[in-house]
2 protein chains.
Amino acid sequence: MRNFNDLSQEEQNIHQYWMSKAIEQAKLAQAMGEVPIGAIIVRDGEILGQAYNQRECTHQAVAHAEILAIQAANQTSQAWRLEGASLYVTLEPCPMCAGAIINARIKEVIYGAQDPKAGCVGSLYNLPEDERFNHRIQVIAGACADETAALLSEFFQNLRNKRKKEKLINKQKGLSTEF
Amino acid sequence: MRNFNDLSQEEQNIHQYWMSKAIEQAKLAQAMGEVPIGAIIVRDGEILGQAYNQRECTHQAVAHAEILAIQAANQTSQAWRLEGASLYVTLEPCPMCAGAIINARIKEVIYGAQDPKAGCVGSLYNLPEDERFNHRIQVIAGACADETAALLSEFFQNLRNKRKKEKLINKQKGLSTEF
């Protein structure tokens, strides 16, 4: 696993370019009230698939950005193997998505913010670099880390504020009906 | 994690009943030339979703039996949370499927054959029982283990025989064109 800050300026520029596209996807999730996470799959300078987290609106537990981007890329290339492809995602993948990245034979994964609670690409585990699986993936951590982390913390802060407000309104309603 | 053989006769009978339905699904995969793996999700005696591995025919890396069964169960219940549900699968889940089972908040997973190469529910890892994730799953291993393992070994034996035969035919063709 390499850290984004340790790469050459040229490498950083390329990864920043594609990560900005993943951030655009994350913002589409945010606009729908979904946790803002976006992913994009690129090969030879071409976008094979891109997607954003849609768990709430689809009622699908597996509708994480990475899974939907892999499905789109498989559809584009009409192949379940995505050899030579790079996956950019704004948040460190969970075990399901880390496993999907292995299963799809993706070449490298570049992620933004770390996920200390469920991340399986460096935090709790490092599944893509486990040599016991039949495919290993190169990992770059911390690309646009500040921006991707800010997107998430802002989203959760707004959610907490909204819930506090709702609680207060409900409490006031309760009080008003007492008279 | 409990072993199927350590359960009471009554518990074994119930799990065998539902596993036989997962085996039926695995046989549907086999009939299509897919690796024979089947899964079924049950809650309160009702089937919420069932599916079989369709990776080759759909060109989708994520089209494992468990993922498709979870998608079907989410669709049936119109909820991404499958609390209280049991997932039966003929082979020990891979990291992606073990992660999907955690993400879907499934109550218990019951599997048949072990997968020493990629299994993440006891073999390489035991993700569903890792207390660091926000949801823990009860695991029963080895339900109808002989039958589910035989399905797979028979499938791979037939595949090897078919490939040997094709190789021989191609070799003979090569020889005949030399004259």
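A disulfide is here a pair of cysteine sulfur atoms within 2.5 Å, and by this rule the count over all chains of the model comes to 0. The model is predicted, so local features need pLDDT of at least 70 and side-chain atom pairs count only at pLDDT 80 or more, while totals for chains, interfaces and linings use all residues. Residues are numbered from 1 along each chain as its sequence is written, chains are lettered from A in the order in which they are written, and side-chain values use heavy atoms, with hydrogens and water left out.

Two cysteines illustrate the count. The sulfur of C94(A) lies 3.9 Å from the closest cysteine sulfur, in C97(A), which is too far for a bond. For C144(B), the closest cysteine sulfur is that of C97(B), at 19 Å, again too far for a bond. Buried means under 20% relative accessible area (1.4 Å probe, protein chains only); C94(A), at 9%, counts as buried, and C144(B) does so at 15%.

Just after α3(A), Q78(A) takes a positive phi of about 50°.

As for the two chains, 100% of the interface residues of chain B are also interface residues in chain A, so the copies meet through the same surface.

Definitions and conventions:
Contact means heavy atoms within 4.5 Å. Helices (H or I, at least four residues) and strands (E, at least two) are DSSP runs, numbered from the N terminus. Buried means under 20% relative accessible area, exposed over 50%, partly exposed in between (1.4 Å probe, protein chains only).
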